[in-house]
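Dear colleague,

I am handing over a structure for you to look at, and below it I have written out what was found. Please read the notes with the structure open beside them.

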Amino acid sequence: MTIIDVTAAHCPARTAPSARVCFVTLGCAKNEVDSAEMTKRVQDAGFCVVEDPAAADAVVVNTCSFIQAATEESIDAIFEICGLDNFASGCAKLVVAGCMPARYGDDLAGELQEAQAFVPCSREDDIVEVLCDLLDVAPIAPSDASAASPYAASPASYVKISDGCDRFCSFCAIPYIRGRYRSFPLEDVRAAVAERVAAGVREITLIAQDTGRWGEDFDTPDTTAHLLASLADEFSDTWFRLMYIEPQGVTDDLLDVIASRSNVCSYLDVPLQHASERVLRAMNRAGSPDSHRALVKRMRERVPGITLRTTLIAGFPGEADEDFDELCDFLEEAEFDYVGVFPYSAEEGTRAFSLDGQIDEEVKIERAQRIRDLCDAIGESHVSQRIGCAMDVLVVGCEEDGQLYGRAMCQAPEVDGVVYLEEGEVGDIVTVRITDTLVYEMEGEPIDVR
């Protein structure tokens, strides 16, 4: 994260309409949604939201603490902000929100005395009260009722359909950070989608810790397939994409919804984490090489042309050479389009932290790189086969030199590369013919703009 330091000459008097708040977000897309929701709340209370932390009266750092590296990145960002002149002079207040206070609780206050307030995930709805107390102001209605929606800045947005997780994988701290699994009511999800569509969003990515379990916990159980079909049918001009779905959630009904709706991306992100049955059991996960193969086959048969992404962990405690070889063999056969690979991170408070057979860091990194090399060769080959194909591209941005870029339905936000094109405006959907590729990036020649 880069922060521009703007010298603050003095501490301006703060009143509710002019108190300035900046949100700095780290971590995953779920944190982005949480920050956007907090932004809405403070705007509705009359605060002015600014992008520059050096110009703010209060900065809310929405932290990630999924793994140690994410915690360290959050701490670095906090210290960088604390070095700005408005903080050094005591004019600004720091609020640490999100996963770090949720994970470390009261211990964090003693370790991070630079912060004036801590707001864990479960208390983010209270952000207005926290800021009012810190800045000694009272919330008022904003003077401009047409304040820009936090979703108006981009034609693509995320919508959370649930929070928490009940799986308790042995390597994962999420259930301790986010709590038990809880689905959001369909009407709430629908309202969130409608708000974004009204702000000009053209692609909605549905996210959660475990999207395939949506509705299971309702008094009258429901399904992700029904949710996705309902949204796709009502908002027929909006693209929908489903991310973070565990293997057990990939039902035939869901695959049929994806196959039958032209505005639902033929794309699934299914985090398998490993293929060795022995390692999967140590992870407290189901599955085996055979069940994984059957799943991949079923997804491709029911949704022809589907793009598949998965996530893997290399160097889990006790992972023997034969376990790693079994994983590589499976990946060569499965031929995923995109793969995210992470060396195992030993996280205090998880069951895997104390497992026997912890693997040296160098070995974990080496194994992770071997998987990346293997999967990149497969993925790059898949991307190059798109040359000559016509596909719709949502224009999502423009680089400093004026180069437009967007994403096709086969590319998820932030992780799968982009398509470069020469025609259109941000927010347009442009039909292009792919003319060239470089690794995961593509170039497209416009055929039609709408």
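Before the first helix is discussed, two terms are needed: helices (H or I, at least four residues) and strands (E, at least two) are DSSP runs, numbered from the N terminus, and the expected span of a helix is 1.5 Å times one less than its number of residues. This is a predicted model, in which local features need pLDDT of at least 70, side-chain atom pairs count only at pLDDT 80 or more, and totals for chains, interfaces and linings use all residues. Residues are numbered from 1 along each chain as its sequence is written, and side-chain values use heavy atoms, with hydrogens and water left out.

Helix 2

Helix 2 runs over residues 68–82, and its 15 residues should span 21 Å at 1.5 Å a residue, which agrees with the 21 Å between its end C-alpha atoms. Its buried residues (buried means under 20% relative accessible area, exposed over 50%, partly exposed in between, with a 1.4 Å probe and protein chains only) are Ala70, Thr71, Ser74, Ala77, Ile78, Ile81 and Cys82. Seen down the axis, these buried residues fall within an arc of 135 degrees (the arc of the directions from the helix axis to the C-beta atoms), so they line one face of helix 2. They pack, by contact (heavy atoms within 4.5 Å), against strand 1 (20–25), strand 3 (58–63), helix 3 (85–88), strand 4 (93–98) and helix 4 (99–104).

Helix 8 has 13 residues and reaches 18 Å from its first C-alpha to its last, close to the 18 Å expected at 1.5 Å a residue. Val189, Ala192, Val193 and Arg196 are buried in helix 8, and they cover an arc of only 95 degrees around the axis, which puts them on the same side of the helix. The face turned away from this buried side carries the exposed residues Glu187 and Ala198. Among the elements that cover the buried residues of helix 8 are helix 1, strand 6 (156–160) and helix 9. After helix 8 comes Gly200, whose phi is positive, near 105 degrees.

Two packed helices are described by the angle between their axes and the distance between the axes. The axes of helix 8 (residues 186–198) and helix 9 (residues 224–234) come within 11 Å and cross at roughly 35 degrees, where axes are lines fitted to C-alpha atoms, for helices over the stretch in contact, and angles run from 0 to 180 degrees between N-to-C directions. The contact is made by Leu186, Val189, Arg190 and Val193 of helix 8 together with His226, Leu227, Ser230, Leu231 and Glu234 of helix 9.

In helix 9, the buried residues are Thr224, Ala225, Leu227, Leu228, Ala229, Leu231 and Ala232, and what covers them includes helix 8, strand 9, strand 10, helix 10 (252–260) and strand 11 (264–269).

Single residues

Val33 has its place in helix 1 (residues 29–44) and, at 7% relative accessibility, counts as buried. Leaving aside residues up to four places away in sequence, Val33 touches Tyr158, Val159, Lys160, Arg196 and Ile207.

Asp136 is not a glycine, although its phi is positive, at about 55 degrees. Asp136 is found in the loop between helix 6 (127–135) and strand 6, and it is exposed, with a relative accessible area of 70%. Phe168, likewise a residue other than glycine, has a positive phi near 55 degrees; Phe168 lies in the loop between strand 7 (162–163) and helix 7 (174–178) and is partly exposed, with a relative accessible area of 22%.
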